Amino acid sequence: MGIPTERYSKITDKNQREICLLKAFPCAWGKCAFCDYIEDNSRDEAGMIALNNQVLNLVTGEYGVLEVINSGSCFELPKETLNQIEQVIREKNINKLFFEAHWIYKNRLAEMRKRMPVPIVFKIGVETFDHDFRESFLNKHADFKNPEEVARYFDSPCLMVGIQGQTKEMISRDIEYLKKYFKLGTVNVYNNNTTKIRRDEELVKWFMKEYQWLLDDPSVEVLYEITDFGVG
Ligand code: SF4
């Protein structure tokens, strides 16, 4: 169990907001080849609720925008935590909420949008729009055919760049689609973790040079370090 302050941060750069990393039940998919952060998942509901409350209590509402993340989808948060989020939204005058969900929850987003008292920006881990790389190599289990299909449900895709096996062409197309079909997005530069998926340093170097302009794009957040959001 982490110290709550490590689970709370403020994004003061683009899209200013407060961000909370909460604990949740196991990711419903849990098999993405590059993912080791599901180790944060838990089955101790009472423990999660207590910790999440502590973290949510740190929210001040100063930007009017709150992002809640967990190692999985918002649908895996304990019900009581969802109630608590709703309460914080009301008490701290939050007017926009960022949530994340896997593609398998696409038909439940409307239900969550209705449940929360403010508009939700739904993020999705797309990683890449290249179907084969995403499904066969990364084992993402997000079987959409094209970006239009994703944009029908979600607001903001998260892409991953700099993985061995990925190509410059794939990355270029991903960024093109991100800009063309979505108002917001996140690009995670891959960092090695405990999985077998490795970072491609040359590709990362190329990306950071070629896409320097993305750093100044107000609608795209580029996360170069895992902890760029200040949590985790
Ligand atoms: S959906 Fe997210 S949390 Fe679940 S295994 Fe994949 S990357 Fe990890």
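## Helix 6 and the cores, question by question

Trainee: Which residues does Phe207 touch, and how do you know they count as contacts?
Mentor: In this predicted model, leaving aside residues up to four places away in sequence, Phe207 touches Val161, Ile171, Ile175, Val187, Val189, Gln212, Leu214 and Val222. Contact means heavy atoms within 4.5 Å, so each of these meets that cut-off.

Trainee: What makes a set of residues the largest nonpolar core here?
Mentor: Members have to be buried and joined through side-chain atoms within 4.5 Å. The largest such set has 53 residues, and Ile85, Leu97, Phe99, Phe122 and Phe207 have the most contacts inside it. Helix 7 gives the most to this core, with 5 residues. Another core, of 11 residues, lies apart from it, with Cys32, Cys35, Met160 and Ile197 among them.

Trainee: Which residues of helix 6 are buried, and why are they said to be on the same side?
Mentor: Met170, Ile171, Asp174, Ile175 and Leu178 are the buried ones. They cover an arc of only 130° around the axis, which puts them on the same side of helix 6.

Trainee: What makes Glu169 and Lys180 exposed, and where are they?
Mentor: Exposed means over 50% relative accessible area. Both count as exposed, on the face of helix 6 turned away from its buried side.

Key: Residues are numbered from 1 along each chain as its sequence is written. This is a predicted model: local features need pLDDT of at least 70, side-chain atom pairs count only at pLDDT 80 or more; totals for chains, interfaces and linings use all residues. Side-chain values use heavy atoms; hydrogens and water are left out. Buried means under 20% relative accessible area, exposed over 50%, partly exposed in between (1.4 Å probe, protein chains only). Helices (H or I, at least four residues) and strands (E, at least two) are DSSP runs, numbered from the N terminus. The arc is that of the directions from the helix axis to the C-beta atoms.
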